[in-house]
Amino acid sequence: TAAEWCEKLVNYYIKTYGEMHEFSRHWMHMLSMCYKYSGDYRKAIDLTEKVYSLEIRQNGELHPDTIVALAKLAQYNNIIGNYSKGLELIEKAYSQMTSITSDNNSLTAKILSVLAFCYENLGNYEKAAEFFEKTYSMDLELLGEIHPDTIISLNNLASFYHTIDDYDKALELGQKVYSVFCDTLGEKHPDTITALSNLSSY
């Protein structure tokens, strides 16, 4: 599996260079993502906590790599239902990221997306809507309409409006997602078919 290969790479780099080396930290980060995608969130959180600690030691708290690790921790906590913890961590990550860079960049947009999901899960739909909208707006401006991140943020926005029973808005945005996929991938692409399936649920 992907996780097994990543584990081998992590072990190799740690044995060869030590855990503080950038290659070791990078592959630990990749391994945590493998754990996430396989549904082993406890391992993902434990390893990301270690990566976050190593990044602080190597780069300090106000380094983009450190803040990204913190944002991943927030995301994983949110996924397993630790919504308050996830919100606490992602608010810290957002505050730190905006203190070292502009509020209009792709890293900040990814953090805003996690922040939106945290607010949604806590039932604060006003805040969630604000940050889902802002994420999409930033991705659209920075990356363009057909970039994968922009399409993901648009789809997240459509799903959010469906969640809060604003079906007209969800349908409008879902049709836009489907249209972009049709134009860029074709009608028979799996992502296009998924977008069409989502439309039927809206």
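A: Let us begin with one pair in this predicted model: helix H7 (residues 125–143) and helix H8 (residues 148–163) pack with their axes 8 Å apart, at an angle of about 155°.

Q: How is H7 oriented relative to H8, roughly parallel or roughly antiparallel?

A: Angles over 145 degrees count as roughly antiparallel, and H7 is therefore roughly antiparallel to H8. The crossing of these two helices, H7 and H8, is left-handed.

Q: Which residues make the contact of H7 and H8?

A: On the H7 side, the residues in contact include Tyr 125, Ala 128, Phe 132, Tyr 136 and Leu 140, while those of H8 include Ser 153, Leu 154, Leu 157 and Phe 160. Sorted by kind, the residues of the contact of H7 with H8 are 11 nonpolar, four polar and three charged.

Q: At what angle do H4 and H5 pack, and how far apart are their axes?

A: Helix H4 (residues 64–79) packs with helix H5 (residues 83–100) at an angle of about 160°, and their axes lie 8 Å apart. H4 and H5 are therefore roughly antiparallel to each other, and their crossing is left-handed.

Q: Which residues of H4 meet which residues of H5?

A: From H4 come, among them, Pro 64, Ile 67, Leu 70, Ala 74 and Asn 77, and they meet a group in H5 that includes Tyr 83, Gly 86, Leu 89, Ala 93 and Met 97. Divided by kind, the residues of the contact of H4 with H5 are 12 nonpolar, four polar and two charged.

Conventions:
Residues are numbered from 1 along each chain as its sequence is written. This is a predicted model: local features need pLDDT of at least 70, side-chain atom pairs count only at pLDDT 80 or more; totals for chains, interfaces and linings use all residues. Side-chain values use heavy atoms; hydrogens and water are left out. Axes are lines fitted to C-alpha atoms, for helices over the stretch in contact, and angles run from 0 to 180 degrees between N-to-C directions. Helices (H or I, at least four residues) and strands (E, at least two) are DSSP runs, numbered from the N terminus. Angles under 35 degrees count as roughly parallel, over 145 as roughly antiparallel, 65 to 115 as roughly perpendicular and the rest as oblique. A crossing is left-handed if the near helix is turned anticlockwise from the far one by less than a right angle, and right-handed if clockwise. Contact means heavy atoms within 4.5 Å. Ala, Val, Leu, Ile, Met, Phe, Trp, Tyr, Cys and Pro count as nonpolar, Asp, Glu, Lys and Arg as charged, and the others, Gly among them, as polar.
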